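User: Got a model open here and I'd like a quick tour. Can we start with the ligand?

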Amino acid sequence: MDDEHSAPHRRPYALPLPTPPEVLRRGPLREGAFSSALHEPRTAVVTGRLLGAALLTCFLTGLLSHLLQEPPTWLRDHLPSRPVDGYRVTQGLHVITGIAAVPLLGAKLWTVYPRLFEWPPARSVAHALERLGIAVLVGSTLLELFTGLLNTLQWYPWPFPFRQTHFWLGWLAVGGLLLHIAVKAPLTARHWRRRRPGLAQRRAFLGAVTASVAVVTLTTAGQTVPRLRALTLFAPRRPDIGPQGLPVNRTAAQAGTGTTPAGWRLTVHGPRPYELTMDDLLAMPQYEAELPIACVEGWSASARWGGVRVADLLARAGAPPTARVRVTSLEADGPYRVTEMPAAHARDPLTLLALRVNGETLLPDHGHPARIIAPNRPGVLQTKWVTRLEAL
Ligand SMILES: Nc1nc2c(c(=O)[nH]1)N[C@H]1C(S)=C(S)[C@@H](COP(=O)(O)O)O[C@H]1N2
Ligand SMILES: [Mo]
């Protein structure tokens with residue numbers, strides 16, 4: 001048998017769902033429970049545009065940061081070491097747009113939250129799926145901004161690893177966002193342009209939202225934008241406060257590297273491996289470079305570094321200029337004890353095994369006896385307390 005000639009087909013997602021009994025329609029579920037004139041599409045479109053732009057910028061810069069920190073094999077030989085300030089700018093933007101997204105998300109959710117109490121809760125399977133999609137979008141975005149913000153404070157009150165969670169939640173949030181943009185496109189298009197006369201209340205609301213975004217941005221962006229430094233009230237870090245004029249993330253005490261072992265040597269592995277004492281290093285040609293430390297948490301600070309070119313050290317070991325380098329720290333353990341540097345960075349003349357900063361010998365907190373400093377690189381990979389380089 002076939003049902004070619006039975007009842008007309010309905011696509012399964014268009015199936016209507018039953019309306020729950022009217023007695024349940026109380027409190028916020030009442031007709032007309034929300035009185036503000038601003039719970040309407042034009043306000044949602046204006047806040048949504050700003051929020052969308054912030055979240056998409058945040059996502060793309062975050063993706064970049066992830067790729068730079070853990071480059072997949074196909075990419076690792078194509079990562080450029082210029083512009084010098086590349087990572088500083090993109091990661092600064094990542095944290096700035098993430099922070100700006102907090103008041104924007106608040107405003108957007110406030111505008112549309114009466115929809116949470118829509119009646120009936122689901123008209124059809126399609127409507128139920130759309131609402132489920134919104135739940136995923138809102139949940140993942142809230143969690144994403146929350147974990148990111150707490151990470152800038154170096155506070156990890158959860159049992160899961162931050163970076164992987166933040167990465168996958170980001171995909172979930174951006175997937176939900178793109179779907180949301182697509183589903184709402186016709187409605188958005190209708191309210192894209194302002195119709196005169198505008199709503200005075202809306203103007204006041206959007207003014208308040210803009211002011212909140214300006215305040216949170218101006219009081220935190222100084223952690224990476226030098227011109228805003230004087231306004232840095234709420235940023236977790238002041239980039240100019242710390243020993244030798246630079247902040248410290250992991251101290252020598254935390255890493256157990258407060259005193260350098262008496263017989264410290266730099267070991268360089270390659271076709272012709274060798275070892276150097278500090279005196280040997282100081283006898284090599286010394287170079288200086290003005291380079292930033294750009295921490296993934298959003299602060300950055302520039303300094304004048306002095307030391308030996310990594311390219312010279314590798315060439316002396318007979319390594320080809322296409323070699324990547326594995327850097328090992330004296331630190332007993334820690335996620336950044338061993339890091340890898342792409343070939344472009346290793347052969348960049350600005351990349352140093354730094355022995356000095358701002359004219360002084362490195363303090364233990366900044367990586368004494370020697371640290372890596374390279375252009376266009378996440379701070380986590382600027383390895384301190386270096387004991388070994390291996391050409392790969
Ligand atoms: N060996 C080692 N190097 C490290 C780290 C670490 O935990 N271990 N932290 C990194 C991080 S997260 C940053 S932002 C920079 C900070 O450098 P600073 O303390 O000299 O400012 O060092 C990096 N180098
Ligand atoms: Mo960092």
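User: Which residues come nearest to ligand 1?
Analyst: This is a predicted model, so keep that in mind throughout. Arg250, Cys295, Ser329, Gly379 and Lys384 come nearest to ligand 1. They belong to a set of 20 residues around the ligand.

User: How do the residues of that shell divide into nonpolar, polar and charged?
Analyst: Nine are nonpolar, seven are polar and four are charged.

User: Switching to the overall layout. Which domains is the chain divided into?
Analyst: There are two entries to note: domain 1 covers 12-231, and domain 2 covers 244-391. Their C-alpha centres lie 39 Å apart.

User: How many residues does the contact take from domain 1 and from domain 2?
Analyst: Domain 1 gives 24 residues to the contact, and domain 2 gives 23.

User: Which elements give two or more residues on the domain 1 side?
Analyst: Helix 1 (41-69), helix 2 (86-112) and helix 3 (125-152) do. Helix 2 has the largest share, with six residues.

User: And by class, what does that side of domain 1 have?
Analyst: The side of domain 1 that touches domain 2 has 11 polar residues, eight nonpolar and five charged.

User: Now the packing. Which residues have the most contacts inside the largest nonpolar core?
Analyst: Trp305, Leu314, Val325, Leu352, Leu353 and Ala354. The core has 48 residues. Strand 7 (residues 352-357) supplies the largest share of this core, five residues.

User: Take Ala354. What does Ala354 touch, leaving out residues up to four places away in sequence?
Analyst: Ala354 touches Trp305, Gly306, Gly307, Leu362, Ala370, Arg371 and Ile373.

User: What other core lies apart from it?
Analyst: Another core, of 15 residues, lies apart from the largest one. Its members include Cys58, Val95, Ala100 and Ala101.

User: Where does UniProt place the molybdopterin-binding domain feature?
Analyst: The unreviewed UniProt entry places "domain: Oxidoreductase molybdopterin-binding" at residues 260-391.

User: How much helix and strand is there over residues 260-391?
Analyst: The chain there is 14% helix and 39% strand. The end C-alpha atoms of that stretch are 24 Å apart.

User: What is the phi of Gln244?
Analyst: Gln244 has a positive phi of about 55°, although it is not a glycine. Gln244 is in the loop between helix 5 (200-218) and helix 6 (252-255).

User: Is Gln244 buried, exposed or partly exposed, and why?
Analyst: Gln244 counts as partly exposed, because it has 16 C-beta neighbours inside 10 Å. The buried class needs 20 or more, and the exposed class 12 or fewer.

User: What about phi at Trp385?
Analyst: Phi of Trp385 is near 55°, again a positive value in a residue other than glycine. Trp385 is in the loop between strand 9 (371-373) and strand 10 (386-391).

User: Last one. Is Trp385 buried or exposed?
Analyst: Trp385 is buried, because 25 other C-beta atoms lie within 10 Å.

Definitions and conventions:
Residues are numbered from 1 along each chain as its sequence is written. Chains are lettered from A and ligands numbered from 1 in the order in which they are written. This is a predicted model: local features need pLDDT of at least 70, side-chain atom pairs count only at pLDDT 80 or more; totals for chains, interfaces and linings use all residues. A residue is near a molecule or strand if its C-beta atom, placed from the backbone, lies within 6 Å of it. Ala, Val, Leu, Ile, Met, Phe, Trp, Tyr, Cys and Pro count as nonpolar, Asp, Glu, Lys and Arg as charged, and the others, Gly among them, as polar. Domain bounds come from an automatic or database domain assignment. Two residues are in contact if their C-beta atoms, placed from the backbone, lie within 7 Å. Helices (H or I, at least four residues) and strands (E, at least two) are DSSP runs, numbered from the N terminus. A nonpolar core is a set of buried Ala, Val, Leu, Ile, Met, Phe, Trp, Tyr and Cys residues joined through C-beta atoms within 7 Å. UniProt positions are given in the numbering used here, feature names are shortened, and annotations may be inferred rather than shown by experiment.
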